[in-house]
Amino acid sequence: MRDEPDFSIDRPEFNPLSLTVIVPLALIILMLTYAAYVVYDLKLQAVPEASELFKAIDRMAFGLFLLSEVGQIFLCGYSGHQLNRFLHQFPVMENSEILERLKPLVRTNMYFVPVGLLFIGVALGTGLFCLYWHDLLEIGVVVVLWLLSTGVAIRCSAIENRVRDMECPDPGLKAEYAAVCHSWLQRMFPDF
């Protein structure tokens, strides 16, 4: 019988930050590299005209939109998947060990928020640009990816709410669990 990975902080075998830092950081670096390439290409021209600047933005918009949507879907999907696995393994907050297993997942979820906001902002700006200036196929891709990312975000939000509403029969543990959930909802970064 194969053991499930241990989500506790003490076990080095599973470190959710390794994946959760590398993938968003790689996407951000890819987005910046892509934008820098277009700007560099534009600078090679002696005096770029307004139409050339518009073409550069046009070349950049769809690629940046795709990268930011992929990043957003990854962040929500990964976080939701980890929290859903936790819920299936521990449907009730029975003891402090379960709470200790939840804390790294909540921290990861909280660290995703600033990166996710960056991805949402880029996707919104470039997506609106694509809707106005691009052809029907790219418009279709933009709409489908917006619907997909919205669906993933709604599903992830529902899972997060289920985790925050877990039954906790121990009154002493309930206060600590409530503090973690409060921090999760009210703070940008974890304080536990």
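Predicted model: local features only at pLDDT ≥ 70, side-chain atom pairs only at ≥ 80, totals over all residues.
Q: Why are helix 4 and helix 5 called roughly antiparallel to each other?
A: The two helices pack at an angle of about 155 degrees, with their axes 10 Å apart. Angles over 145 degrees count as roughly antiparallel, and helix 4 and helix 5 are therefore described in that way.

Q: Which residues of helix 4 and helix 5 meet?
A: From helix 4 come Glu160, Val163 and Arg164, and these meet Tyr177, Cys181, Trp184 and Leu185 in helix 5. Glu160, Val163 and Arg164 are also among the buried residues of helix 4, while Tyr177, Cys181 and Trp184 are among the buried residues of helix 5. Leu185, by contrast, is listed with the exposed residues of helix 5.

Q: Why does Ser149 count as buried?
A: Ser149 has a relative accessibility of 4%, and the term buried applies under 20%, so Ser149 counts as buried. Its place is in helix 4, and, leaving aside neighbours within four places in sequence, Ser149 is in contact with Glu69, Gln72 and Ile73.

Q: Why is Lys174 called partly exposed?
A: The relative accessible area of Lys174 is 48%; since buried means under 20% and exposed means over 50%, the value falls in between and Lys174 is partly exposed.

Q: What are the buried residues of helix 5, and what puts them on the same side of the helix?
A: Leu173, Tyr177, Val180, Cys181, Ser183 and Trp184 are the buried residues of helix 5. They cover an arc of only 160 degrees around the axis, which puts them on the same side of helix 5. The face turned away from that buried side carries the exposed residues Pro171, Gly172, His182, Leu185 and Gln186.

Q: How do the spans of helix 4 and helix 5 from first C-alpha to last compare with those expected at 1.5 Å a residue?
A: Helix 4, with 29 residues, reaches 42 Å, close to the expected 42 Å. Helix 5, with 16 residues, reaches 22 Å, close to the expected 22 Å.

Q: What caps the N-terminal end of helix 5?
A: The cap is Asp170, one of whose side-chain oxygens lies 3.1 Å from the backbone nitrogen of Gly172. A polar contact requires N or O atoms within 3.5 Å, and the 3.1 Å separation falls within that cut-off.

Note on methods:
Residues numbered from 1 in each chain as written. Heavy atoms only, no water. Helix = DSSP H or I, 4+ residues; strand = E, 2+ residues; numbered from the N terminus. Expected span 1.5 Å × (residues − 1). Buried < 20%, exposed > 50% of the residue type's maximum accessible area, 1.4 Å probe, protein only. Arc of directions from axis to C-beta. Polar contact = N/O pair within 3.5 Å; in protein donor to acceptor, adjacent residues only side chain to side chain. Axes fitted to C-alpha atoms, helices over the stretch in contact; angles between N-to-C directions. Parallel < 35°, antiparallel > 145°, perpendicular 65-115°, else oblique. Contact = heavy atoms within 4.5 Å.
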